[in-house]
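Student: Could we go through this structure together, and could you tell me what stands behind each term as we meet it?
Tutor: Gladly; let us look at it first.

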Number of protein chains: 2
Amino acid sequence: MALRHAVLAALLDGEASGYDLAKQFDASVANFWMATPQQLYKELERMTADGLIAARVVEQEKRPNKRLHSITESGRAALRAFIADSTKPTVIRDEMLVKIQGMDSGDAPAVEAVLVERIGWAEAKLARYERSRTRMLAGRSEQAYLSESVHIGPYLTLLRGIAFEQENIRWAQFSLDAIRRRRTAALDPVDRLVPP
Amino acid sequence: MALRHAVLAALLDGEASGYDLAKQFDASVANFWMATPQQLYKELERMTADGLIAARVVEQEKRPNKRLHSITESGRAALRAFIADSTKPTVIRDEMLVKIQGMDSGDAPAVEAVLVERIGWAEAKLARYERSRTRMLAGRSEQAYLSESVHIGPYLTLLRGIAFEQENIRWAQFSLDAIRRRRTAALDPVDRLVPP
DNA sequence: AGGCACATGTAAAAGGTTACATGATTGG
DNA sequence: CCAATCATGTAACCTTTTACATGTGCCT
């Protein structure tokens, strides 16, 4: 039941609709907790029932009405309790690595395509994160930001996301090179013991 | 339904019991796919029913009997199909980062403890991975291993795990320092505009 | 005309966690 | 003597994914 704590942390920034949160928790944006809109709408209802958040309806004319949620004092207390409580280990589930683990020489072309795709995704995510970082720093140095700003949490988690995607790219490039070298080596007449 | 493909990849190494696999998929060992023993026993049954793996019972005297599972030709085909199929994005769920994101100055001591704990886990995991790497290389250079050995998948995924834990340590140490500096700065009389 | 952004949901199915259950052997 | 390792499962519960459902406004 940690999705609710991720939502509470997100609401520290201010009011948000389910739709707003869905964007933040989207797989292509979130770097440490993801959730689908369906999960969020249901969880927001439960959290409202439990008094952790409060909702107000904003009527809009050219758009559907929306419910804006904000954290309550009880919600803040729940978040503090969560932070002090024991932490579960990180869950990583990466289909791509299952493919790498299980690949055979015959799978080389498919695996190369998977790695190229991964590099593309990681680069796109990294670019987004870097833009976000620039916006947060707003001209200040990292040193200055870390000592001056009130909440450094979002900046620190962003740094973790940036490091993760950089490592992704570095590793995928290395693996791609290794696999390609084997493919060309296997075909290269120079490597044959007995020339044809 | 990707657990089954992770199991198939694991069985490329040779026969394994549910218990053997449970050790490999344990949270403290696995670096890209985890599963509890309960999940595995159930999935192994289904996979046997689907003909992806075959089981044989080994009777033991001083231990409970065990069922050793091996991949079938149909299982190999399923794994190849999985590798060629589209890949789902990586799922990361890290409670610790939720805590970092949602922390307030009052949570500093708890957050520091969480970071210290994480560094300890990451170091333990890293040590295990490094030992595993040494064993795999068996004296050869990485270059030599990558061009000579038949299956490089497990080595490449291991490298990803090593990089992940190294990044974990580096980032956690950085964050810990940042948080501690703020704490001491807040208490340090030198920083006061008006000395007491 | 077609697609994306906004905005909210329901329902069924699949997947994952936690608690319970058993019992011998080995090592410190 | 206590803890860990070996070895397998059942059952209840909770979480997550996927498919379905609706409708307006804006931009190209």
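**The surface near DNA strand D**

Tutor: Helix α3 (37-49) of chain A, together with α2 (18-24), α3 (37-49) and β2 (66-71) of chain B, each supply at least two residues of the surface near DNA strand D. Helices (H or I, at least four residues) and strands (E, at least two) are DSSP runs, numbered from the N terminus. This is a predicted model, where local features need pLDDT of at least 70 and side-chain atom pairs count only at pLDDT 80 or more, while totals for chains, interfaces and linings use all residues. Residues are numbered from 1 along each chain as its sequence is written, chains are lettered from A and ligands numbered from 1 in the order in which they are written, and side-chain values use heavy atoms, with hydrogens and water left out.

Student: Which element gives the most to the surface near DNA strand D?
Tutor: That is α2(B), with three residues.

Student: What makes the approach of Gln39(A) to a phosphate oxygen of DNA strand D a polar contact?
Tutor: A polar contact is a pair of N or O atoms within 3.5 Å; within protein, one must be able to donate a hydrogen and the other to accept it, and residues adjacent in sequence count only if both atoms are side-chain atoms. A polar side-chain atom of Gln39(A) lies 2.8 Å from the phosphate oxygen, so the pair meets the cut-off of 3.5 Å. Tyr19(B) uses a polar backbone atom instead, at 2.9 Å.

**Arg80(A)**

Student: Why is Arg80(A) called partly exposed?
Tutor: Buried means under 20% relative accessible area, exposed over 50%, and partly exposed in between (1.4 Å probe, protein chains only). Arg80(A) has 43%, so it counts as partly exposed. Its place is in helix α4 (residues 73-84) of chain A.

**The two copies**

Student: How do you know that chains A and B are related by a two-fold axis?
Tutor: A rotation of 180° with 0.0 Å of shift along its axis superposes chain A on chain B, with an RMSD of 0.1 Å. That is the relation of a two-fold axis. Copies are superposed by least squares on the C-alpha atoms of residues with pLDDT of at least 70 in both.
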